[in-house]
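Colleague: Please show me the model, and then I will ask about it piece by piece.

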Amino acid sequence: MLGSVLSLFVLCAPSGAQQPAAAQARPRAPQAGALEIGDPYFPGLGNGGYDVEHYTLSLDYDFEGDELTASAGIRATALHDLASFSLDLYGLEVAGVRIDGQDARFERPPVPAGADGKPQPPSELVITPSAPIAAGASFQAEVRYGGRPHGRPDPAVPFLPGGVGWFRMESGVYVVSECIGAGSWFPCNDHPRDKATYSFRITVAKPYTVAANGIRTEVVEAGEARTFVFEARDPMASYLATLNIAEFSELEAKGPRGIPVVIYHPVDATQAELADFKRQPEVLEFLETVFGPYPFEAAGGVLSYEKIGGALECQTLPVYGRGSNLEVIVHELTHQWFGDCVSPDLWRDMWLNEGFASYSEWLWTEHTEGKAAYEQLAKRSYAELRKRKTGAPFDPGVARVFSGRVYQRGAFVLYGLRQEVGDESFFRILKTWVETHKNGNGSTEAFVTHAAKTAGRELQPFFDAWLYADVTPAQPELEPPPAPAAGKAGG
Ligand SMILES: [Zn+2]
């Protein structure tokens, strides 16, 4: 759902008694919803004019034919009088659209050819209901669609030539959509600013099974096919929605306060491969001590058969490439607080995701190996960061959203902040940040203000040097000791 501040602003703007008489005398005709949400890193991404509350995704996937037959139900609220509105949908074929049960017109605006001259699939679905939708009205869109899904090329992830979103591998399907891949498998408002809850009804032939976000509530048998029903009742950003189809085995455990933890894994996974995943309850218990209560109703993850180029913190169900270790698990579980529960306001705020998840790996090291091991990580990181001008963690540019300046220098900001304000204030800043922005979004500016307010002191000079400056600030106490004199080394 949209952040409350934005919704209030948009909803309140047209209603005021204090508006100029001219504006009242000439009520505006219903407008088209904006074709993008206004994220400078991704022109055209997301949409304006409405706020989605719930997606109901009914997907039938033909594994052999690699073909999807689907319908998406989208319950949303109009933020102004809507003559038309758009959804992000990459490729795929649309068979029909209904709004509140009435057929609606739709079009897929053509996209200019890419730099290589190749034609591009459409990425928007523009819907014109039979009558305008009034500001504040709740409406239900039904989109019937299908075809062979493909990952969407993402300028933030140039190292994945197949794009992001839907990945068809030898073993099955995995969905990892950060930043712009959600539209590769369902029509949506594809930006973290518009969070919603989800229901999934996914039908596949035996012996395949399905893992999606939230809690599996039902498995409906119908001959050779099975429909797996999942409910994700906590608001979720579109890039964190996931669907995985393969021959999975399951491991179940209980997390803090009895939260169900389900790990879907290859049937041939060894005990050694699963050992780190079995430690999730222990990791979650530790993370609760530093960040506050785990924010969702379920936890767990999917371990893919193949290496899928890393892991993604899908909400309640991170997707891990084969070979992921405990460090990666700590990282992805930390994202459940930082990234998932509190999502970036714009993609330039990515350090609020990755800096925090990376720093949490240091906290885990401190927890399991002690303070000296933690300081050693800081020294090593400092030596690397000072070797070159990395650039500031905030606003890295779209091509560097997943770079060291976001991850490593982002983590280093938190190391420095803890030094600056002390443990008590530092952990209070983190916990109250999650409480304040729970199930919403946070911007870098809001975090800077929040940190100063919580610590009760001026922190602008600190953030200017650590967060906004291109060069990592000099820290004499982290400099390596002078090299030992020749002849004394050894032993
Ligand atoms: Zn991460």
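This is a predicted model: local features need pLDDT of at least 70, side-chain atom pairs count only at pLDDT 80 or more; totals for chains, interfaces and linings use all residues.

Colleague: By class, how many residues in the contact of α7 with α8 are nonpolar, polar and charged?

Modeller: Ala, Val, Leu, Ile, Met, Phe, Trp, Tyr, Cys and Pro count as nonpolar, Asp, Glu, Lys and Arg as charged, and the others, Gly among them, as polar. The contact of α7 with α8 has five nonpolar, two polar and two charged residues.

Colleague: At roughly what angle do the axes of α7 and α8 cross?

Modeller: Axes are lines fitted to C-alpha atoms, for helices over the stretch in contact, and angles run from 0 to 180 degrees between N-to-C directions. The axes of α7 (residues 371-387) and α8 (residues 404-421) come within 11 Å and cross at roughly 130 degrees.

Colleague: Which word describes α7 relative to α8?

Modeller: Angles under 35 degrees count as roughly parallel, over 145 as roughly antiparallel, 65 to 115 as roughly perpendicular and the rest as oblique. The crossing is roughly 130 degrees, which makes α7 oblique to α8.

Colleague: What is the phi of aspartate 100?

Modeller: Most residues other than glycine have a negative phi. Aspartate 100 lies in the loop between β5 (93-99) and β6 (102-103). Although aspartate 100 is not a glycine, its phi is positive, about 50 degrees.

Colleague: Is aspartate 100 buried, exposed or partly exposed?

Modeller: A residue is buried if 20 or more other C-beta atoms lie within 10 Å of its own, exposed if 12 or fewer, and partly exposed in between, with C-beta atoms placed from the backbone. Because aspartate 100 has 15 C-beta neighbours inside 10 Å, it counts as partly exposed.

Colleague: What is the omega of the peptide bond that joins lysine 206 and proline 207?

Modeller: Proline 207 sits in the loop between β12 and β13 (209-212). The bond that joins lysine 206 to proline 207 is cis, with an omega of about 10 degrees.

Terms used:
Residues are numbered from 1 along each chain as its sequence is written. Helices (H or I, at least four residues) and strands (E, at least two) are DSSP runs, numbered from the N terminus.
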